Amino acid sequence: MENIPENIKEILEDCYPYIKKFNPAQKAVIESGYLDNKENTIIAIPTASGKTVLGVMAALKTILNGGKAVYAAPLISIQNEKIKEFKKFENHDITIGRSPRSSDLSVMVFESFDALTRFSWNTLREVDTIIIDEFHMIGEFSRGPTLECAITRAKKINPNLRIIALSATLENMDEIEGWLNAKVIEHDYRPVPLNKEVLDTEMFNTKNKNDVIVKIIEKALEENSQALSFVSTRRFTESLATYVSGKMKKKISKTQKAKFKKVADELLDVPKKKGSKPTSTCVRLAEAAENGAVFHHAGLFNEQKEIIEDEFRAGNILMIAATPSLMYGVNLPSKYVAIRDYTRWTSRGPQNIPVFDYLQMSGRAGRPQYDTVGYSYLIAKSMDEAMDLEERYVHGLVEPTNSKLIENKDAVLKQIISQVASNLSKTPEELQEFFEMTFYGYQMKNNPSMSLFASDSLQFEIQSSLEFLLQNGILMATPNGLKATDFGNLIAKSNYAVETAVKIKEYASHIEEFNSYELIYALAETPDLPLISFKGRKSKDPVREKLSSLGLFAVDIGNPEATCVSLVEWINEKNEFQIENAYHVYSASTRRSAYEASMLVRFTKNTLEVLGKYNFSKDLDILSARLYYGIKEDLIPLVLGVKRLGRKRARSLVDIFGEDLRFVSEKELQKVDGIGPTLAKKIHEFSEL
């Protein structure tokens, strides 16, 4: 802990007691003097080298000097993890939260930080230091443009803001260094050395890649270690976990079996607590977990994913089979990483993953404090393919990180709306000036082959985007320059895609008679509603038949149609087990989709009202509540009036006693399953209002 101020050292020793001394990468960063200067800094060191603590030290220095710091992360899962980690600082009178309005150190997702730069300038000006985790995601299609534009605005609004970017090493670090006006500190030390290899099925006299993974898991089992396996789809995570579980059944000890069974029971208990029988996906997950293998994907209950993550960290799970999205998620290192699939399905068909993604997945191998070495294995079908993969991935160069701002049309539209709504840009020329300050603008101007066309290319993109926004009543031209309409301001203050807002406006413009099922279907076709997907290739006829019974016609039956039908069943009080059995979908994600649909219904209400239509406001309030709680209309007063009652107990009450509960005693209420003295008292108090 040498070379750092005593007050920071004291906090670190208390909150990170396992750090006895800094590793070479951390020492190199500290000795660079980054804590003593005010320069923007990019800290580029390998995964698991302790980047977070380096960022935290800069935040602590700022806070102890009377300032405020923001820690920005790409995902809510990382935000939650960091808040939990940083809560220990509160023992040292440092407040932790999600907003700099009320916290010394706030942990924000990129989208929240972006919103801060658009509408909370006074709060933004109070922030002295921002630490950006997973900064390399600036080159990612969906979140990258949000991050780069938020940084661009922040630099303009708060020129004194110091940026500390925590990143993997990127191929074109000099470009990013120039754009951020930052100092780059790089180091290649990794606390746990990483051994990267390509294995092929021929080595193991098999034609099945899963058998190769079984060999890796057997080795992990012998060493009392763990493995992460990456495959390309949800369906493959399930099949791999089931396959590995079957092979491990006779290889695990009674002690291990008991440990794994406890995890399986915990996973199976999640749907029961929610008032649903375990779905077939839950049963499959629990069966695989009994032998130490689990799968992890978006089709599980959130609580199940949390259990898997916590139990894996505790060493109570042998293998997680996951889609590549887990490489950016919560911290789940393991000694072994097996990358079975190196292709990913895109709109252009299957595509090879980039070298950068391969390195991110491989970087999960090797647990600091547990392992002396980590192993990453890429699996090939043949020796020839293995040689090709080794050259491409193990020895290949990382792709340059390029801005995806202009490729992401929605991002361009959103940023134009944001600039105009916040009065930062009032003319096409001022918009052009803003975009030229982004990472995209910097790359274009500094590219010898594109610099001549940079200005004209940007002007064309802005002009075509402005035409679209003016035609759709989002912006308007005034003598004082461009101005956001009420509808435009509504979009600017939301995180919804412009496409979503325009579709809702079109729906709102033509509505003559309210139909909740039609609206749910319309929302399912927007990019902002998380879709409930089909499981496998079972018949889609039940979905088609249900849509038809609702008076909805669909040519193709895909995930939007599955989502619409699932949400309709949800608001009619069907549980996940019933929805999955009826329509062959990943019903565990129904609650998340229903919550987001509820928020979109509120946005629809707001859209109608800015258009001067108030006659459907009550209908929209009712539908929003039904989606949020998963209830029929008659339960709304009871569920809203009694906190934590829930739809299952509310329905039991109404079925037994009717809607008028005034004459039902607390003792009688307690006879209903799940209602104890405290809840009975709340129900009784509500019924007397």
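Predicted model: local features only at pLDDT ≥ 70, side-chain atom pairs only at ≥ 80, totals over all residues.
1. Residues are numbered from 1 along each chain as its sequence is written, and side-chain values use heavy atoms, with hydrogens and water left out.

2. On overall dimensions, the C-alpha trace of the protein chain spans about 80 × 75 × 55 Å along its principal axes.

3. For secondary structure, the protein chain has 31 helices and 17 strands. Helices (H or I, at least four residues) and strands (E, at least two) are DSSP runs, numbered from the N terminus. Of the contacts between residues at least 6 apart in sequence, 72% join residues at least 24 apart; contact means heavy atoms within 4.5 Å.

4. A word on charge: the protein chain carries 89 positive and 93 negative side chains, and the centres of the two sets lie 5 Å apart. Lys and Arg count as positive and Asp and Glu as negative, with His and the chain ends not counted. Each charge is placed at NZ of Lys, CZ of Arg, CG of Asp or CD of Glu.

5. Now to the interior, where buried residues make up 55% of the 689 residues in the protein chain. Buried means under 20% relative accessible area, exposed over 50%, and partly exposed in between (1.4 Å probe, protein chains only). The largest nonpolar core has 105 residues, and those with the most contacts inside it are Phe 135, Leu 180, Val 244, Met 319 and Ile 320. Helix 9 (residues 209-222) gives the most to this core, with 7 residues. Apart from it lies another core, of 72 residues, including Leu 466, Ala 501, Cys 564 and Ile 571. A nonpolar core is a set of buried Ala, Val, Leu, Ile, Met, Phe, Trp, Tyr and Cys residues joined through side-chain atoms within 4.5 Å.

6. Leaving aside neighbours within four places in sequence, Met 319 is in contact with residues including Ile 213, Ile 217, Leu 240, Val 244 and Val 294.

7. Asn 158 sits in the loop between helix 7 (144-157) and strand 6 (162-167), and it is buried, with a relative accessible area of 6%. Beyond four places in sequence, Asn 158 is in contact with Leu 124, Arg 125 and Val 127. Asp 357 belongs to helix 14 (residues 355-362) and counts as buried at 8% relative accessibility. Not counting residues up to four places away in sequence, Asp 357 touches Met 327, Tyr 328 and Arg 344.

8. Even so, Asn 495 touches Glu 111, Arg 118, Lys 414 and Asp 528, residues up to four places away in sequence not being counted.

9. For backbone geometry, most residues other than glycine have a negative phi. Glu 134, which is not a glycine, has a positive phi of about 50 degrees; it is placed in the loop between strand 5 (129-132) and helix 7 and counts as buried at 14% relative accessibility. Asn 205 has a phi near 55 degrees, again a positive value in a residue other than glycine. Its place is the loop between strand 8 (194-200) and helix 9, and at 75% relative accessibility Asn 205 counts as exposed.

10. Lastly, have a look at Pro 560 in helix 24 (residues 559-571), which is partly exposed, with a relative accessible area of 23%. Pro 560 and Ala 524 are 36 residues apart in sequence and 5.0 Å apart in space, C-alpha to C-alpha. Setting aside neighbours within four places in sequence, Pro 560 is in contact with Ala 524, Glu 525 and Leu 531.
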